[in-house]
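Subject: Structure for your attention

Dear colleague,

Please find the structure below, together with an account of what was found in it. I would be grateful if you could read the notes with the structure open beside them.

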2 protein chains.
Amino acid sequence: MSENVAIGIDLGGTNLRVGVVSEAGQVMRRIKTPSSENILERILDTVSDLFTKKAAGIGIGVAGLIDRINGKVLISPNLHVVEEIHLVEVLKEKFKVPVFIENDANAAAIGEMWTGAGRTYEHFVLFTLGTGIGGGVIHNRRLLDVSAEIGHMSINADGEKCHCGNNGCLESYASARAILSSAVAILETKRESLLGDFCGGNIYKITPEDIYKAALEGDVLSRELLKNAGRYLGVGIANMINMMSPDAIILAGGLIGAWEIYVQEAIREASKRAFKELFGRVDILPAELADNAGLIGSAWLVFNRQAHA
Amino acid sequence: MSENVAIGIDLGGTNLRVGVVSEAGQVMRRIKTPSSENILERILDTVSDLFTKKAAGIGIGVAGLIDRINGKVLISPNLHVVEEIHLVEVLKEKFKVPVFIENDANAAAIGEMWTGAGRTYEHFVLFTLGTGIGGGVIHNRRLLDVSAEIGHMSINADGEKCHCGNNGCLESYASARAILSSAVAILETKRESLLGDFCGGNIYKITPEDIYKAALEGDVLSRELLKNAGRYLGVGIANMINMMSPDAIILAGGLIGAWEIYVQEAIREASKRAFKELFGRVDILPAELADNAGLIGSAWLVFNRQAHA
């Protein structure tokens, strides 16, 4: 007997990932490609390459604010072009299957709940820690269908302006973009650091991985940068613990590669700040599905949600 | 035909309110008394005074962190004594009816959803603005059964220590306690203010009402105090809008008496900070049930929840 599959799409600011996902949540085939140019064409081509008669539908997770009622992207700061396209309609029209849309971090939270680190938790908050910071909340094993813009929670009311218009957003202190921009600003002052060696002298090409490697080799600046960002992440984690009393905080995204310094510092800071009765009940752990979480969660929508009208 | 009623209890740090509530959410009788001394005795006496054969159960909202599974109060910063008493068991034992427990701000959110300002909203966040700041989230017309300690969200990561252990909590900037403590600190420096007249020269007896009245009469210091607190409340409101994308923010508690200055400033600040696509969809409005919200919401539990095992 042939099982249904779903096409899951994870459309982030940097990459487009499309996969064929089984009813058990396994990724059977997958294509990853940059999302920078001709994005609509790329999506249609990639889905065409993977589409099969067994596809029960298409789920798409998009970095941005989603209008669930109309199935549209309201704003996508790193991918403005999708604000102009009614992605759901275009995909429905072309592939003649039901199409579902979610925020990308929300989709990742569903993915982790289904087959990842959230499998055994009733109630968790996912933080996606990359260039920016996103979030998703699972409550009673259902996605809380809210914006969950955790990265745009102000943790410094009078702090620096964020690109979103708010001041002192968590993302401005604890994201990869924030770490890199601090690194560059400090290196421009000619401060001594191993980091110079890791980027061949071009400080504008430094990556978060360079900073973590330099930190592991004892570079003082790199350790400071990661610890400082981690401390602010801890403030954000404590806020979510105090407000959502989750069973778990699940951390996803490229920055969790720096677990030993950045995340450990965050956990230490959160432990000092959150209500101890709540902190004592929460597990803080890494996501398991890496960059498949979003497309797996998007595919889940196909098997579990009513189609948009 | 005689309708069932429920006994609703609202146990705050200052007052105990007990009421008889109909199945339609109307308060039929009510007793209010200080919660400062002999609290267990007071609760039992007050409930006895109001108890009738038609009482289908007792609901109790308590200022503090609630363990819903065991029906216990984990911590209650302003009412430590109830941490030692298994209130649910004591009430069940004495009155032989089902007993339900919730956090007091959560109960108030249910009350406002049922018969108050939240009647027509699917999804709102209630802020209780009094001595401290509490919160409750209604999502799809159900209480989100989480801690919702909005007042203990840090909005100033490196700000002053809060009594909860965190730094820079919203409550430390935007609550009545915060406003009064700033007022006293400034008046101690002998700064000129109408406030002196309102408290008969004893600055340690100033109330939030005094500050609002002086502000309305043009007192510069009082206006500054309320606007400053309101601005921080706006940061907290913007954070909740960005994270929860509600249809409404409902503001309750004594401080909403200062709507024209404190709340208006909060709305102005939130409008500058929240994602404009989300802010444009949210109504910000006062609660309607005043100090009955908590006991009405607690009574609702009786009509709508399964009893604790």
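In strand S7 (residues 99-103) of chain A, Val99(A), Ile101(A) and Asn103(A) point one way, while Phe100(A) and Glu102(A) point the other way, and all are buried. A residue is called buried if 20 or more other C-beta atoms lie within 10 Å of its own, exposed if 12 or fewer, and partly exposed in between, with C-beta atoms placed from the backbone. S7(A) is thus mostly covered, with five of its five residues buried. Strand S4 (residues 55-62) of chain A pairs with S7(A) in the parallel sense over five bridges, and Val62(A) stands opposite Asn103(A). Strands and helices here are DSSP runs numbered from the N terminus (strands: E, at least two residues; helices: H or I, at least four), and two strands pair if DSSP finds at least two bridges between them.

Please note that this is a predicted model, in which local features need pLDDT of at least 70 and side-chain atom pairs count only at pLDDT 80 or more, whereas totals for chains, interfaces and linings use all residues. Residues are numbered from 1 along each chain as its sequence is written, and chains are lettered from A and ligands numbered from 1 in the order in which they are written.

Domains of chain A

The domain assignment of chain A gives domain 1 (5-111 + 291-304) and domain 2 (121-287); such bounds come from an automatic or database assignment. The C-alpha centres of these two domains of chain A lie 26 Å apart. Their contact takes 11 residues from domain 1 and 15 residues from domain 2, where two residues are in contact if their C-beta atoms, placed from the backbone, lie within 7 Å. On the side of domain 1 of chain A that touches domain 2, helix H3 (residues 104-115) gives the most, with six residues. That side divides into seven nonpolar, two polar and two charged residues. In these classes, Ala, Val, Leu, Ile, Met, Phe, Trp, Tyr, Cys and Pro count as nonpolar, Asp, Glu, Lys and Arg as charged, and the others, Gly among them, as polar.

Helix H5 (residues 176-187) of chain A has 12 residues, which at 1.5 Å a residue should span 16 Å, and its end C-alpha atoms are 16 Å apart, which agrees. The expected span is 1.5 Å times one less than the number of residues. Within H5(A), Ala176(A), Ala178(A), Ile179(A) and Ala183(A) are buried. Seen down the axis of H5(A), the buried residues fall within an arc of 165 degrees, so they line one face of the helix; the arc is that of the directions from the helix axis to the C-beta atoms. The face turned away from the buried side of H5(A) carries the exposed residues Ser181(A) and Ala185(A). The buried residues of H5(A) pack against helices H4 (171-174), H6 (195-198), H7 (208-216) and H8 (220-244) of chain A.

For H8(A), 19 of the 25 residues are buried, so this helix is largely enclosed by the rest of the structure. Its end C-alpha atoms are 35 Å apart, in agreement with the 36 Å that its 25 residues should span. Just after H8(A), Ser245(A) takes a positive phi of about 35 degrees.

The contact between the chains

Here 32 residues of chain B are in contact with 32 residues of chain A. Strand S6 (72-75), helix H8 (220-244) and helix H10 (276-279) of chain B each supply at least two residues of the side of chain B that touches chain A. The largest share of that side, seven residues, comes from H8(B). By class, the side of chain B that touches chain A has 18 nonpolar, 11 polar and three charged residues.

Val146(B) lies in the loop between S10 and helix H4 (171-174) of chain B. Leaving aside neighbours within four places in sequence, Val146(B) is in contact with Met243(A), Met244(A) and Ser245(A). Val146(B) is buried, with 23 other C-beta atoms within 10 Å.

A sheet in chain B

An open sheet of five strands in chain B has the order S10-S9-S8-S11-S12, with mixed pairing. Strands S10 (142-143) and S12 (283-286) of chain B stand at the edges, each with a single partner strand, so one side of each is left without a neighbour in the sheet.

Yours sincerely
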